[in-house]
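Please open the model in your viewer and keep the selection panel at hand.

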Amino acid sequence: MRKTKLPSGLAVPVLGQGTWYMGDEAHRRADEIASLRLGLDLGMTLIDTAEMYGDGASEKLVGAAIAGRRDEVFLVSKVLPSNASRSGTIAACERSLRRLGTDCIDLYLLHWRGRTPFAETIAAFEALQDAGKIRHWGVSNMDVDDMREIERAPGGDAMATNQVLYNLTRRGIEYDLLPQAQDRGLPLMAYSPIEQGRLTEYPEVLDIADRHGVTPAQVALAWVLRQDGVIAIPKASTPEHVRENRAALDLQLTAEDLEELDDMFPPPDGPEPLEMI
């Protein structure tokens with residue numbers, strides 16, 4: 001499994017497992033747990049979840065999946081901005097820890113910007129680190145100006161990542177946010193790297209998949225993974241989908257492939273508002 005490094009120097013997989021919309025339906029629970037465990041077997045040991053996902057149901061599912069294997073997992077979760085005050089962040093983290101069945105979250109993110117000043121949330125993150133309840137902290141859905149503001153806040157230079165929407169149809173970060181992160185040695189985490197499956201329907205993506213004998217989803221995921229300092233966290237609810245995602249890491253897109261994709265999905269030629277879903 002290829003890895004990238006957090007600013008602390010810790011190496012983490014560039015291909016992880018997302019869990020948005022997992023844990024919501026009881027009849028899918030066994031398949032979803034089996035999928036997450038297979039992902040661990042295949043080296044996709046970074047698992048991303050959030051207190052918002054299914055109002056905690058996703059965290060409970062992840063907790064069940066990693067039971068007995070916690071030491072293999074780089075565990076990521078998120079606090080809602082409505083809970084991001086100092087006391088609210090600490091309380092939210094403790095609830096997440098109980099649902100996850102662990103005593104420490106490896107990477108704890110502010111899900112998006114709210115009304116609480118960044119400095120207050122960072123102070124809560126630092127208190128959680130001091131208590132051994134989180135190892136690293138970061139943010140999600142933050143634009144260039146947000147990132148500059150966070151870096152200026154007390155303790156802001158300890159930020160470990162920014163998780164953002166990034167795929168072939170959502171390339172705005174390539175103009176400024178991605179270069180900014182790369183200059184700082186800060187990896188970005190790409191959620192919805194296959195645009196929730198919609199990228200598999202484009203003829204150009206299908207053509208490239210046919211040339212390589214792979215699926216269009218693997219083309220879309222390999223395109224995201226081509227970038228240095230980018231971690232992709234696709235969701236997979238079945239073992240077959242997990243294997244498909246893992247195989248995308250071995251797909252090397254050619255210069256011709258990339259040129260065709262640029263023609264269909266042009267890179268940004270100026271700053272764009274940060275997209276999120």
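Which unit do strand 6, helix 4 and strand 7 make? Select strand 6, helix 4 (residues 118-130) and strand 7: together they make a right-handed β-α-β unit. Right-handed means that, with the strands pointing away from the viewer, the path from the first strand over the helix to the second runs clockwise. Helices (H or I, at least four residues) and strands (E, at least two) are DSSP runs, numbered from the N terminus.

The model is predicted: local features need pLDDT of at least 70 and side-chain atom pairs count only at pLDDT 80 or more, whereas totals for chains, interfaces and linings use all residues. Residues are numbered from 1 along each chain as its sequence is written, and side-chain values use heavy atoms, with hydrogens and water left out.

Next, select residues 105-110, which form strand 6. Six of the six residues are buried, so strand 6 is largely enclosed by the rest of the structure; buried means under 20% relative accessible area (1.4 Å probe, protein chains only).

Lysine 78 stands opposite leucine 109. With helix 3 (residues 86-100), strands 5 and 6 make a right-handed β-α-β unit.

Finally, select threonine 121 in helix 4. Threonine 121 is buried, at a relative accessible area of 2%, and its side chain reaches the backbone oxygen of alanine 84 at 2.7 Å.

Terms used:
Buried means under 20% relative accessible area, exposed over 50%, partly exposed in between (1.4 Å probe, protein chains only). Two strands pair if DSSP finds at least two bridges between them. A polar contact is a pair of N or O atoms within 3.5 Å; within protein, one must be able to donate a hydrogen and the other to accept it, and residues adjacent in sequence count only if both atoms are side-chain atoms.
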